[in-house]
Amino acid sequence: MDALVLAERPTGVLITIAVAAVVILLFLIIKLKVHAFFALVIMAIMTALAAGVGVADVVPLVTEGFSGTVGNVALLVGFGAVLGRLIEVTGGAQVLADKMLGTFGEKKAPLALAVASLFYAFPIFLDAGFIVMLPIIYTVARRLGGSFMTYVLPSIGAFLMMHALTPPHPGPTAAATVMGADVGVVVIVALVCGLPVWYLGGYRLGLYLAKRYPDMPVPALLGEPPEIPENEKPGFWTIIVVLLLPLGLIFSNTLFSTLEKSGVISKGDPAFVITQLIGSTPIALLLASLLAMLLLYILPRRKAGQRDIGDVLSGLVDDALAPVCSIILITGAGGAFGKVLTATGIGDTVAAGLDAVGLPVIVAGYLVASVFRIAQGSATVAATTAGSIMAPAVLGLELGPFALAACVVAICAGSIGWSHVNDSGFWLIGRFCGFDTATTLKTWSVVSCAVSLSGFITATVVYMILAPLGI
């Protein structure tokens with residue numbers, strides 16, 4: 001849309017409008033039980049009008065925020081849901097659960113799921129990776145019983161940490177780039193800081209929070225999985241190949257993009273061109289879904305002489321996509337609300353004030369990123385914008401590569417915390433886990449704050465040790 005023209009509003013008024021919008025939104029959803037999709041769209045429109053957006057610009061602004069979010073999320077959620085459903089209904093999730101429980105033991109099942117989530121979250125975005133992991137979490141939770149929270153919250157902490165702090169995820173990669181940090185060094189520092197963050201702020205805190213929900217059932221979002229005879233279940237390594245395919249493709253995309261930026265290869269290099277296509281997350285998930293259809297469903301049933309495979313498979317895909325349509329709409333509405341809050345300029349105003357206070361750069365960077373995160377919801381936007389704002393001050397210190405990477409990690413930690421109703425991930429994860437809004441605030445939001453604060457603390461410790469040494 002064209003450049004947005006806003007009526008002049010004092011900073012205090014803008015902040016008041018944003019706070020009031022969030023409070024009213026929570027009241028509508030929690031107390032009045034208004035469906036989140038309707039409540040988010042209504043509040044996006046009302047907030048835009050109150051903040052001075054012209055009447056003619058309100059609908060285009062809301063539509064832009066909605067379509068931009070849905071455009072990013074719908075393909076990931078759709079392909080991810082189909083892939084996860086295929087793994088579940090063919091018995092693949094049971095195979096993985098059996099292997100995991102046999103290796104780690106039932107008592108360490110939450111830890112096993114969290115560690116698996118760490119590996120799976122490294123090259124793949126939080127929403128897509130979590131959706132694919134979810135059937136495995138469902139299966140383990142059904143097998144062992146107890147609260148669903150015990151199994152899902154530690155995995156959520158793993159996905160949050162990896163998405164927030166480590167390249168090749170977009171926020172850390174963008175922040176490292178604009179601040180002139182070496183991406184490889186950022187990965188090292190992020191893992192050094194992030195693994196304790198995950199263990200304390202994700203795994204341990206997740207288990208503690210789960211005790212408050214001892215009777216949380218496994219969601220029935222994807223339906224009950226059928227009982228698969230042992231001789232019809234796919235092999236363990238077949239499942240691993242299907243799951244590792246999108247990781248490998250996405251990682252190859254990142255690798256060749258890094259080589260191109262470093263001048264090692266050109267944009268016309270065939271490998272670079274191919275990986276830009278098949279290594280993009282939606283295409284990687286599409287290819288993994290097609291491979292799962294072939295290896296897990298079509299070939300075994302042809303071998304068994306079954307007919308009407310195509311009709312049954314089509315129905316299975318419909319069953320996988322139908323429950324996620326509501327989630328996609330709610331996520332898009334959350335993006336529209338976040339877009340409106342961004343357009344008010346609240347984040348820019350407060351961030352500029354923090355930058356002028358004279359705080360240590362690592363503290364200022366964390367606070368600036370946190371303000372942007374709270375104001376507009378997107379962790380990627382918060383990390384990228386905060387990195388751009390803080391880059392001149394940070395570069396002026398002439399820090400060593402590892403101390404500079406610690407600054408990047410601190411900013412990225414600020415970008416993942418304080419998740420609330422303007423964050424599309426808040427609605428996506430909450431709905432897939434079967435949480436109502438209040439429960440999502442008490443679990444997902446609390447874990448995101450813990451990951452944020454502990455990530456900032458560990459990055460600051462690393463910075464204080466290395467910066468004086470010029471490392």
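A residue counts as buried when its relative accessible area is under 20%, as exposed when it is over 50%, and as partly exposed in between (1.4 Å probe, protein chains only). The views show a predicted model, in which local features need pLDDT of at least 70 and side-chain atom pairs count only at pLDDT 80 or more, while totals for chains, interfaces and linings use all residues. Residues are numbered from 1 along each chain as its sequence is written, and side-chain values use heavy atoms, with hydrogens and water left out.

**View 1. The aromatic pair of Trp 198 and Tyr 199.** Rings of Phe, Tyr and Trp (its six-membered ring) pair if their centres lie within 6.5 Å, and their planes count as stacked under 30 degrees apart, as edge-to-face over 60 and as tilted for the rest. The ring centres of Trp 198 and Tyr 199 are 6.0 Å apart and their planes stand at 65°, so this pair is edge-to-face. Trp 198 is buried, with a relative accessible area of 9%, whereas Tyr 199, at 33% relative accessibility, is partly exposed.

**View 2. The aromatic pair of Phe 236 and Trp 237.** Here the ring centres lie 5.1 Å apart with the planes at 75°, so Phe 236 and Trp 237 are also an edge-to-face pair. Phe 236 is partly exposed at 23% relative accessibility, and Trp 237 is exposed at 63%.

**View 3. An aromatic cluster of Phe 37, Phe 38 and Phe 66.** These three residues, Phe 37, Phe 38 and Phe 66, form one aromatic cluster, and the structure as a whole holds 10 aromatic pairs.
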